[in-house]
Amino acid sequence: MKIVSENRCHGGVQGVYSHASDSTAGDMTFGLFLPEEASQGPVPVLWYLSGLTCTHENAMTKAGAQGWAAEQGIALVFPDTSPRGEDVADDDAYDLGKGAGFYVNATQTPWAPHFRMWDYLADELPTLLGREFAIDLERQAITGHSMGGHGALTLAMGLPGRFRSVSAFAPIANPTQSAWGQKQLNAYLGDDKGQWSKHDASLQMAEVGFDGPVLIDQGSADQFLDLLRPETLAEAMVRRRQEGLLRMQKGYDHSYFFMASFMEDHVTFAAEALYT
């Protein structure tokens, strides 16, 4: 593992690190904020998964999460959204390939050799964090935005017992029925739609739910609202009687200004679960 940068931040350290990944067969970069308490021993951790076109850097520099995490004494992890490198397959469109990993293990050509983001986030990166940093892997929560909200929800429901809470900002909530999802799931996983369902938060909510609290924030002025389909997730939550809250935030769009406006709520929400 290599240190790319480390900066003092809200009494703790905001670092950026790179390492060779077995899952993605290439180098990966991630951001990690450690609060001051990490100098005394392992601290709980909140994962933040970013959306289409983003890297580890977007939320790390725009979401304003570190100050709230420092108040709560929790770490923040900012993974990348896809594998990178000259030998990694890509597409001319912004919503497929690099920056658009969709947090799945690809099975189709040309994506399969590198696009294994599920394994990277479920197994490899947590193991690395627990080995190299003062991170308490018994206390994890997860959140994310857009494609990252999709990833947060599907990982939380697909890894029972791993996360104490899950939240999301404007998640892609029903990708099997949306142009933001059908294209990518077909490209990465093929035309067997039976393989798609575990990567659809609405379908997973209906089938298995989440054993913990859920918080979803969605802007009412989101320009991508029809692609996100939050109403399908809301219906699944109600039918399952899922512990949780889906809030329509009047006038907010899909930008980082939206996330920054409600980041305190999401960090506090995670901290309440992490310290219970």
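Author: This is a predicted model, in which local features need pLDDT of at least 70, side-chain atom pairs count only at pLDDT 80 or more, and totals for chains, interfaces and linings use all residues. Residues are numbered from 1 along each chain as its sequence is written, and side-chain values use heavy atoms, with hydrogens and water left out.

Reader: Why is C9 called buried?

Author: Buried means under 20% relative accessible area, exposed over 50%, and partly exposed in between, with a 1.4 Å probe and protein chains only. C9 has 17% relative accessibility and therefore counts as buried. C54, at 5%, is likewise buried.

Reader: What makes strand β4 mostly covered?

Author: Strands are DSSP runs (E, at least two residues), numbered from the N terminus. In β4, residues 43-49, seven of the seven residues are buried.

Reader: Which strands are joined to β4 by bridges?

Author: Two strands pair if DSSP finds at least two bridges between them. Six bridges join β4 to β6 (residues 135-144), and the two run parallel; here L49 has G144 as its bridge partner. Three bridges join β4 to β5 (residues 75-79), also parallel, with V45 opposite A75.

Methods:
Helix = DSSP H or I, 4+ residues; strand = E, 2+ residues; numbered from the N terminus.
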